[in-house]
Amino acid sequence: MFFGWRQASYVGKAALAVLLAAFMALAPAWAEEATDDVPPGDDYDVSNHDPEDDVSPGYEHDAWNNIRDMLYEDQVIEDGKDVISMTAPYRAMDAAIVPITIAAAKPQTKDEFIESITLVIDQNPSPVAAVFHLTPDSGLAAIDTRIRINAYTKVRAIANMNDGRLFMATKFIKASGGCSVPGLSGMDEALARAGKMKMKFLTPDVEGAGGKAQLMIKHPNFSGLQMDQVSGVVIPAHYVDSIKVTRGGTKILSVEGDISLSEDPNIRFYYGEETSGDFTAVVTDTNGETFKKSWPVLRLAEN
Amino acid sequence: MLQRSVPGSPFTRERSHWLRVLTLFSPIVFLASTACAEPLAVEEVAEGIFVHTGSHQDANRENHGDIANIGFVVGDRGVAVVDTGGSYRLGWRLREAVKSVTDLPILYVINTHVHPDHTFGNAAFAGDEPEYIGHTKLPRQMAARGDYYLARLDEFIGEGQAEGTKVVSPTRTVAIGKPVELDIGGRVLILIAYPQAHTNNDLTVMDLKTGTLWTGDLVFMERIPSMDGSILGWKKVLERLRGMKITKIIPGHGPASASWPEAQNAQSRYFEELIAGVRPIIKQGGTITDAVAAVGKGEADKWELFDDYNPGNVTKTFTELEWE
C-alpha cells in the first residue's frame, strides 16, 4: 500500500521535474515580460501566489479570495517573510489540536509595531480564527496557540502594522475533521469546568522582547458543528469570543476568538519590559459569561 | 503518508492507483462475496472463546478495516459476540464464523468502545435480534462521531466495502461501578465499565469459567496504543486490572491472547516514557511541538505504527498534564 502510493507520487514528481526543466529553459524570456507587467515599486502580492503552492498543487483559492475581499478589499498584502513567520506541522496528528506559532521578526517599539495579527484558516467553516490585538507594550508580536482544522487548508497570519501596511505568512496544513468531531468529555462535564484559568510565566527567549507568559482557559469552545444525542442534535456554538490581558492596567493583548480555536484555548504571548504589576485576564464567551482572574508575575520555577 | 482524521481514529487517507483501478470492478466483487461471504478465521484461545486477530495497520483498502481483535464466547444457551469489526461485511463474516462453530443463537453483541474498527460490524447481527451492550457513554459517542466515521468509510476501506455499514447503538448499557452479569448457559460473563482511559466508554468482558478477560483497547500489544481519553486515567485502569485475578487476556490489538499481567508491560512502559518525557518539558515552559519532537523516541522500534500515533499521543498527554 505504502509502496504503491509512494511510487505513484515519485512518477508525479518526475513528470513535474521534466515540466519544470522545460519551463526553466524558457524562463528568461518570460521573466522579462512579467517584470513589465508589474508597475515599478508595487509590492509583490502573495495572495496571487505563495511558496506554499508548491506543497498544495491545485489548491482552491476561492475561499481566500473571498475572505481577502471582505477583510482587506483592495489593500496590498505584502510578503511577510521579513516581518512575520509562522510555524505549524505540515501534517497535523490531531486535527482538533494543531499547534501554531506566529512570530514577528523584531520586538515591538513605539514607532514601529504590529497592531494586530489576523489568523485565517481558508477552508474552515468560519475562516477567521482569531484577531490578536497588540500594542507597543506587547513586547514581541508573537502568539503561540492551538487551532482546529476541518479540511486540508492554508493557514495565514496577516500582520497589520501601525502604519497600515499588511504582511502575510502562510502555511499549508494537512488535517481534517477538527471542527466537526467533538472531544470525548461530555457537554456537561466540559461546561462544568468552563472558565477555570491558569497563567504560567515562561523564560523570555528573544532579546528585547520583555517577558513571556501563557494563558490557559478551560472552555469547550463548542463549534456549533458538533453533534450530540442519539437524535443527532447539533450542540449549539458556545465559545470564547473575547480575551483581554492587562498588566497593572496596561493593555498587553486582546483576542477576538472564534470556533477555530481549540477546546481549552491556550495562548502564549510576550509583554514589554516596561510594564509592571499583576496580570489580569478577562474572558467572555458567546453565552455572555465573563471569567476574570489575576496573577502576580512569577519566575518559571514558581509556576 | 498517514492522515489522522479524528482523534484516535484508525483510518488513513492512503491511496493507491492500482487499487483504485481494481475498485472499478468492485460491484462484481461485492455481489460475489456477499453471496458466499467467507467466515473470518478464528482461533479458540480458551474453551469456547474464539478470537479473530486483525492486522497491525490502519484501516485501508487492502485490509478493509480488519484491524482489531474481535470474536465471541459460546455458552450452553447461546453466544455473546465481543466487538464486530470495521464494516458490515466484517461483521457478517464474523457471524459466519459463529455459525461454523455453533447453531446456538447470538444473544448479545458487546462493544468494548466506540471506535469504528470495533463497532461497524454491529448491523450484521441485527437479524439475530441480540441485545447490543456497551458503556453508558457509548450511545452518545456513537451519535456524536458515528456519521463522521461513516462518511469516510468508503474512502478508507475501499469502494463497496462499507456497504450495509450502519451505526448501531447499544440497547442496554453498563454503568461505571455497576458491573453486569450475563449468563449464556454454563458460563457467566461480567461486563465492567471504566472511567476515562483509552476512551471515555471502555468496557471489559470477563469470562469467569476460564479466567479470560477481553480488554478491548485498554490493552494494545505490538501495535502502538492510541490515546483518545486520558493517560493518567488509563494508567489507573491498568493498575486496577493488574490487581484482578485474570488467567489470560484478549487484547484489542495484538495476538489473539496473552498471559497476564505480562501482556501490559510494554504499554505501561510506553505510558511511563510519555509521562516522564512530557512533564519536564511542561515544567520548563516547552510547547507541544517541543514535546512531539522529543518524547517517546526510545520506544520507536518497539511498536508497529509508532510514527503515525506517537505525535498524537504526546499531544494528548501534553494537554492533559499541563493542567496538573
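Modeller: A quick reminder that this is a predicted model.

Colleague: Nice. Which residues of α8(B) are buried?
Modeller: Gln267(B), Tyr270(B), Phe271(B), Leu274(B), Val278(B), Ile281(B) and Ile282(B). They cover an arc of only 110° around the axis, so they sit on the same side of α8(B).

Colleague: Why would residues three or four places apart point the same way?
Modeller: Because an α-helix has 3.6 residues a turn.

Colleague: And which exposed residues are on the face turned away from the buried side of α8(B)?
Modeller: That face carries Asn265(B), Glu272(B), Ala276(B) and Pro280(B).

Colleague: What covers the buried residues of α8(B)?
Modeller: In chain B, the cover includes β11 (212-220), α7 (231-242), α9 (288-294) and α10 (306-321).

Colleague: Tell me about α10(B). How many of its 16 residues are buried?
Modeller: 12 of them, so α10(B) is largely enclosed by the rest of the structure. Among the buried ones are Asp308(B), Tyr309(B), Lys316(B) and Phe318(B). The buried residues of this helix pack against α7, α8 and α9 of chain B.

Colleague: Switching topic: which residues have the most contacts inside the largest nonpolar core?
Modeller: Ala80(B) and Val81(B), in a core of 79 residues. That core draws at least three residues from each of domain 1 (17-260) and domain 2 (264-324) of chain B.

Colleague: What is Val81(B) in contact with, leaving aside its neighbours within four places in sequence?
Modeller: The list includes Phe72(B), Leu94(B), Ile106(B), Tyr108(B) and Phe125(B). There is also a second, separate core of 64 residues, which includes Val120(A), Ala209(A), Val245(A) and Leu261(A).

Colleague: That brings us to chain A. How many helices and strands are there?
Modeller: Chain A has three helices and 17 strands. Of its 303 residues, 41% count as buried. Taking contacts in chain A between residues at least 6 apart in sequence, 70% join residues at least 24 apart.

Key: Residues are numbered from 1 along each chain as its sequence is written. Chains are lettered from A and ligands numbered from 1 in the order in which they are written. This is a predicted model: local features need pLDDT of at least 70, side-chain atom pairs count only at pLDDT 80 or more; totals for chains, interfaces and linings use all residues. A nonpolar core is a set of buried Ala, Val, Leu, Ile, Met, Phe, Trp, Tyr and Cys residues joined through C-beta atoms within 7 Å. A residue is buried if 20 or more other C-beta atoms lie within 10 Å of its own, exposed if 12 or fewer, and partly exposed in between; C-beta atoms are placed from the backbone. Domain bounds come from an automatic or database domain assignment. Two residues are in contact if their C-beta atoms, placed from the backbone, lie within 7 Å. Helices (H or I, at least four residues) and strands (E, at least two) are DSSP runs, numbered from the N terminus. The arc is that of the directions from the helix axis to the C-beta atoms.
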